[in-house]
Amino acid sequence: MKRLFAVLLTLLLVALIAVPAVSAATNTNYVVDNGNLLSESEISDLYQKSLDLQSKYDCDVIFIAVGSLDGKTSQQYADERHLPSEGYSDDSIVFLVAADDGHGSKDAAVSTKGACINRITDAEIDRMLDDITTAMKSGDYYAALDTFAADADTYLSYDTPAPAKGPLPWYWIPIAIIIGFLASLLIMLGVKSKLKSVVMQRSASNYVRQNSMQLRQSRDTFLYTTVTKTAKPKENSGSSTHSTGGTTFGGGSRKY
Amino acid sequence: MALQEYKCPCCGGAIAFDPNLQKMKCPYCDTEFEMEALKGYDEDLKNEGTDQLEWHNDAGSAWTADEENALRSYVCHSCGGEIVTDLTTAATECPYCGNPVVMMNQLSGSLKPDFIIPFKLDKEAAIQGLKKHLSGKFLLPKVFKDENHLDEIKGIYVPFWLFDADADADIRYRGTRVTTWSDANYIYTRTSFYSIFREGSLGFDHVPVDGSSKMPDDLMESVEPYDFSQAVDFQTAYLAGYLADKYDVDAEQSKPRANERIKESTEDAFRNTVSGYATVAPESSNVRLKSSRTQYALYPVWILNTTYKGEKYLFAMNGQTGKFVGNLPTDWGKFWRVQLLLAAGIAAVSYGIAFLVNLL
């Protein structure tokens, strides 16, 4: 009986320790290496970069390197890493690199949550995945995550908050003056032209003999046709989203 | 049998028949053409020629001795203007420059007009016409209206060469039709090129050209149109009370102007028959005149000469229709005052609009 009670207590303690605290969003595990893919110095470098990004842009940035994806897709794996239950802040980005996706390829994914979804657009995620291609192909996972960090720094800096509506900038005054001057000049020149009535006739249209026009030959011949095409400008399309485990995420993934 | 070489309508190179396509294909620009298209284009090219704008010269006739005796000509020594009138009317002032005329000559050495359009409107009507012309002009200096010598309006018969013709025209155009469509990634534009050919004729009657070098041509053309249906055969009696100008630009010299206007009208008329294209550009045009005829006529004009601030102003009114023309001076002081006021107003309004939009 005592033995059973001891086992149960141990199990209870283990369970308590294993379950992370949910209420406080204070998971500071910004670099996760589940496959021994990163060295100590690389981990601390990435950790520092993550803290930098967080202080600059108010987004939690989590770097994850794994040996295998446990049968999940890289997008799913990355999404699950920062579900609300994981304890990161509400606005977070996960950068994931995987050595083996279970089918012999390497894999990488980006997952955005909260406000970060719109701060990194689909086009930007695409480019990020382009940028890590060489690193991934050569298996340099630190370089890939480092590139992710640099790109994130760039793309997060792109959207600045909308400027507060201030007073009308000063340069509107000369612009209004110029508009006034030109518009009134046009009007006055129009009035002035009423003073001029002497002009050479252009043609002899008044002297055409009535009904004298005869059209004897009329031929419209098709010659040839050309087709040109111009590329439509690609607008910044924004971010698409999907849902995993009840939470909306943005992001993208790619195999290498 | 002459060898026929077809030219590519797109780039001008020599086209060859491509047996694989069963079409004509240009080896330089790779454009393909149907056989009929090229044949039609070639026919159009053959019809190209040059303009033929010649006139028969049989205008006017000689004065009889009696007629010559009944008329006097006056010469102005200041500007060289020469006017003709009958014995009963005295010409005291040159209608062109306002100086008193001096010499009186026997009328000789000029043609007798074929036609004349008598004055339909009298001096009163002319003065009314002037008043109406000067009213309602915002930028006309007020002093100008008061300083006019209204009484010195003169009725003059101005000599015109009248040209009748049938114009034959061959005109070739290059036209395009454009359609556009788009899909997700591209915008497509298809441009189809056409060779458009028009051949036909157009008749012209009594195209007038000013035969007096003293009368400014633009003033005389502005006073048009004259309605020839009211013209009558010339008789010296019509000149009584009015002055008449002798022609000093002969028919030969007036022809180019008539040709210009006739060609312009013909091209306009044919251009109007081409429709349904996005763009139309004439590529070649030739106009030939047939059964052309020249005549000499006198048309009635009321003339007023005025000087204002050292500048001469000449006004003219069509003595048949009453159309009044004449360039007027501008009151520059008023122009700039109103201009600045208006500018300030519009500037304030546009600033206000920008301000309101910014608040949104």
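Buried area is the accessible area, taken with a 1.4 Å probe, that two parts lose on being put together, summed over both. All views below show a predicted model.

**View 1. The interface between chain A and chain B.** The area buried between chain A and chain B is about 6400 Å², and carbon and sulfur atoms give 57% of this area. In terms of residues, 57 of chain A are in contact with 87 of chain B. There are 43 residue pairs in polar contact between chain A and chain B, counting pairs with both residues at pLDDT 80 or more. On the side of chain A that touches chain B, α8 (172-193) and β5 (214-231) of chain A each supply at least two residues, and the largest share, 18 residues, comes from β5(A). Sorted by class, this side of chain A has 28 nonpolar, 17 polar and 12 charged residues.

**View 2. A salt bridge between the chains.** The rule finds 7 salt bridges across the interface of chain A and chain B. One of them joins the side chains of D220(A) and R198(B), with a distance of 3.0 Å from N to O.

View 3. Strand β5(A) is joined by 16 bridges to strand β9 of chain B, residues 186-210, and the two strands run antiparallel. Within this pairing, Y224(A) has F193(B) in β9(B) as its bridge partner.

View 4. Chain A contains 8 helices and 7 strands, and 33% of its 256 residues count as buried. Strand β4(A), residues 107-113, is largely enclosed by the rest of the structure, because 7 of its 7 residues are buried. From β4(A), the residues D107(A), A109(A), S111(A) and K113(A) point one way, while A108(A), V110(A) and T112(A) point the other way, and all are buried. Such an arrangement can be read with a general point in mind: in a regular strand the side chains alternate between the two faces of the sheet.

**View 5. The strands that pair with β4(A).** Strand β3 of chain A, residues 92-100, is joined to β4(A) by 7 bridges, and these strands run antiparallel; here V97(A) stands opposite A108(A). The two strands β3(A) and β4(A) form a hairpin with 6 residues between them, and in the turn G102(A) has a positive phi of about 100°. Strand β4(A) also pairs with strand β7 of chain A, residues 247-255, in the antiparallel sense over 7 bridges, and in β7(A) the bridge partner of A108(A) is R254(A).

Key. Residues are numbered from 1 along each chain as its sequence is written. Chains are lettered from A and ligands numbered from 1 in the order in which they are written. This is a predicted model: local features need pLDDT of at least 70, side-chain atom pairs count only at pLDDT 80 or more; totals for chains, interfaces and linings use all residues. Side-chain values use heavy atoms; hydrogens and water are left out. Contact means heavy atoms within 4.5 Å. A salt bridge is a side-chain nitrogen of Lys or Arg within 4 Å of a carboxyl oxygen of Asp or Glu. A polar contact is a pair of N or O atoms within 3.5 Å; within protein, one must be able to donate a hydrogen and the other to accept it, and residues adjacent in sequence count only if both atoms are side-chain atoms. Helices (H or I, at least four residues) and strands (E, at least two) are DSSP runs, numbered from the N terminus. Ala, Val, Leu, Ile, Met, Phe, Trp, Tyr, Cys and Pro count as nonpolar, Asp, Glu, Lys and Arg as charged, and the others, Gly among them, as polar. Two strands pair if DSSP finds at least two bridges between them. Buried means under 20% relative accessible area, exposed over 50%, partly exposed in between (1.4 Å probe, protein chains only).
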